[in-house]
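The points take up a hairpin, a helix, the aromatic pairs and the nonpolar cores in turn.

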Amino acid sequence: MKFRNSLYRAALLAAVGWLGVAPVGAQQPSKPNIVLIVSDDFGYGDAGVYGGGAGRGMPTPSLDRMASEGMTFFSFYGQPSCTPGRAAMQTGRIPNRSGMTTVAFQGQGGGLPTAEWTLASVLKQGGYQTFFSGKWHLGEAEASLPNALGYDEMKYALLYHLNAYTYADPKWFPDMPEDLRAMYQKVTTGALSANAGEKPRSEWKVNGQYENTPAQGVVGIPFLDEYVEKASLDYLDRASKAGKPFFMSINFMKVHQPNMPHPDFIGKSPSKSKYSDSVVEGDSRVGHVMDKIKALGIDKNTLVVWTTDNGAWQDVYPDAGYTPFRGTKGTLREGGNRVPAIAWWPGKVKPGEKNHELIGGLDLMATFAAVGGVKLPENDREGKPTIFDSYDMSPVLFGTGKSPRKTWFYFTENELSPGAIRYNNYKFVFNLRGDDGAQTGGLAVDSNLGWKGASKYVATVPQIFDLWADPQERYDLFMNNFTERTWLAPVMSEELKNVVTSYVKYPPRKQQSLGYDGPITLSQYERFQTVRDMLSKEGVNIQIPSSGN
């Protein structure tokens, strides 16, 4: 009898192995793996599934296949620029809460405060292994790097946007004074690797050339994403065998300007421009990650989300993505904030789904925590009360419910109160930055004026747009339409009050990067303490005029 049972078990194990199914006794993570892939400055209309792809001379078969097998989001929001966009995704908090509101230059130090929770540090509470590779852009201080903020392993962490690696390159800026060049060479950190608790080590420096000589300590911009891909594929190999759930944050450097496609992709797009070749490269690298997940047989237990940090950077056209919306990166218009996003999980996310509900990068925190069975913390990492601006979107992914989010707040780098608010399908715009540029001629692109345009606020009442009827924000409905929407004023007033009063209980952290935002006047200085006292004692009472005022 024992002999027959042994034969039966052997036959069963052989059959299980032949079918590619893990034996019952093998270690399998009880929680799903989570992979977040983030591109840089990818245009809303670049991928085929968003109306781009081959029709714009840049085929994206990998992203299109991911969309056909998963869910595509059409009202998904990032932030107006790289640093706040990435901070929002990592922390689940609007950027001014963490102080990560604008882009820092190398040598400025600082970064994401150690008190902030990240996707990695939260998921680690649920037993996840965590990994980071690629663009960080959330500070230079060692205490603000991925391996100090919840990531067990960081490999080839790159701290800046691509432009930063050209500053010290004499072939890019031969007119730069040598003492200034020496300063940039000294303060510009290269690719960093380390495990949690270790001192980061520099793998190699980065320059703006077609140079791939890691043994000599230099790798050029064109090759960075190749290293991010290799590190990610290697980690997938190792993590899939460990028997524990893992979270990966994979951050490709492209397609941020200046685009220098890898040699294998030069001229590979029908358009043959640097940008379109780089889109093809980026799509291929996403595809390689997806192919690896499938080849390892972990696809049925892995949630993958792909997105980007902010809207298309039209100011740097033609080395820029495309958006069908008004505005550019750096503005509060849809073009600067609405971004592409795709979610994929075979057997869990229904293939070919198209979602138009209000969702954003902020919501990754609550969604990943829910999927990973982790409760969001009530206190920050220093033990002080904290608040998340994140909603659990897992019911949307699994088709069991609608998005709980009704409101989206838009901020530029120095705004405490939102410069724009979306409530359901209506949008109130207070900050009109970008509306005062050149309208015709060779400088027509300046009509977008992201950071090149000054903040310009409405005089009396905000602009109102119906984003269903008018996604390009062309027709202001406030007091200017036979069905003018002044009835929305109390609704928006209440939403504005809710976010502003939250700062009293949960004060924003110090800004980690400061840019010039106009002069500081004496009256502002004298009024500052008065405003603080008023907020703490009286709260906020915001009146938005109606047509009857």
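**Notes on the predicted model**

1. Strands S5 and S6 make up a hairpin with 5 residues between them. Within the turn, Gly-197 has a positive phi of about 85°. The model is predicted, and the points below should be read with that in mind. S5 and S6 (residues 201–207) run antiparallel and are joined by 3 bridges. Leu-192 has Ser-202 in S6 as its bridge partner.

2. S5 also pairs with S4: the two strands run antiparallel, with 3 bridges between them. Here Met-154 stands opposite Ala-194 of S5. Of the 5 residues in S5 (residues 191–195), 4 are buried, so this strand is largely enclosed by the rest of the structure.

3. How many residues of helix H3 are buried? The count is 10 of 10 for H3 (residues 82–91), and the helix is mostly covered. Gly-92 follows H3 and has a positive phi, near 70°.

4. Across the whole structure, a search finds 24 aromatic pairs. One of the pairs is Phe-132 with Tyr-151, which is edge-to-face, at 5.5 Å centre to centre and 70° between the planes. Phe-132 belongs to strand S3 (residues 129–135), while Tyr-151 is in the loop between S3 and strand S4 (153–158), so the pair ties together parts 19 residues apart in sequence. Phe-132 is buried, at a relative accessible area of 0%. Tyr-151 is buried too, its relative accessible area being 0%.

5. Why is the pair of Phe-247 and Phe-368 tilted? The ring centres are 6.1 Å apart and the planes stand at 55°, so the pair counts as tilted; edge-to-face would need planes over 60 degrees apart. Phe-247 is in strand S9 (residues 246–251) and Phe-368 in helix H10 (residues 364–371), so this pair ties together parts that are 121 residues apart in sequence. Phe-247 is buried, with 0% relative accessible area, and Phe-368 counts as buried at 1%.

6. The two pairs above belong to one cluster. Ring pairs link Phe-132, Trp-136, Tyr-151, Phe-247 and Phe-368 into it.

7. Two lysines lie over aromatic faces. Lys-329 is over the face of Trp-313, at 4.3 Å from the ring centre. Lys-230 is over the face of Tyr-227, at 5.7 Å from the ring centre.

8. Which residues of the largest nonpolar core touch the most other members? They are Ile-37, Phe-73, Trp-136, Leu-158, Trp-204, Phe-247 and Phe-368, out of 101 residues in that core. Helix H7 (residues 224–239) gives the most to this core, with 8 residues. Trp-136, Phe-247 and Phe-368 are also members of the ring cluster. In soluble globular proteins, nonpolar side chains tend to be buried together.

9. Leaving aside residues up to four places away in sequence, Ile-37 touches Ile-250, Phe-252, Val-286, Val-289, Val-304, Val-305, Trp-306 and Thr-307.

Notes. Residues numbered from 1 in each chain as written. Predicted model: local features only at pLDDT ≥ 70, side-chain atom pairs only at ≥ 80, totals over all residues. Heavy atoms only, no water. Phe/Tyr/Trp six-rings, centres within 6.5 Å; stacked < 30°, edge-to-face > 60°. Buried < 20%, exposed > 50% of the residue type's maximum accessible area, 1.4 Å probe, protein only. Lys NZ or Arg CZ within 6 Å of the ring centre and 35° of its normal. Core = buried A, V, L, I, M, F, W, Y, C linked by side-chain atoms within 4.5 Å. Contact = heavy atoms within 4.5 Å. Pairing = 2+ DSSP bridges.
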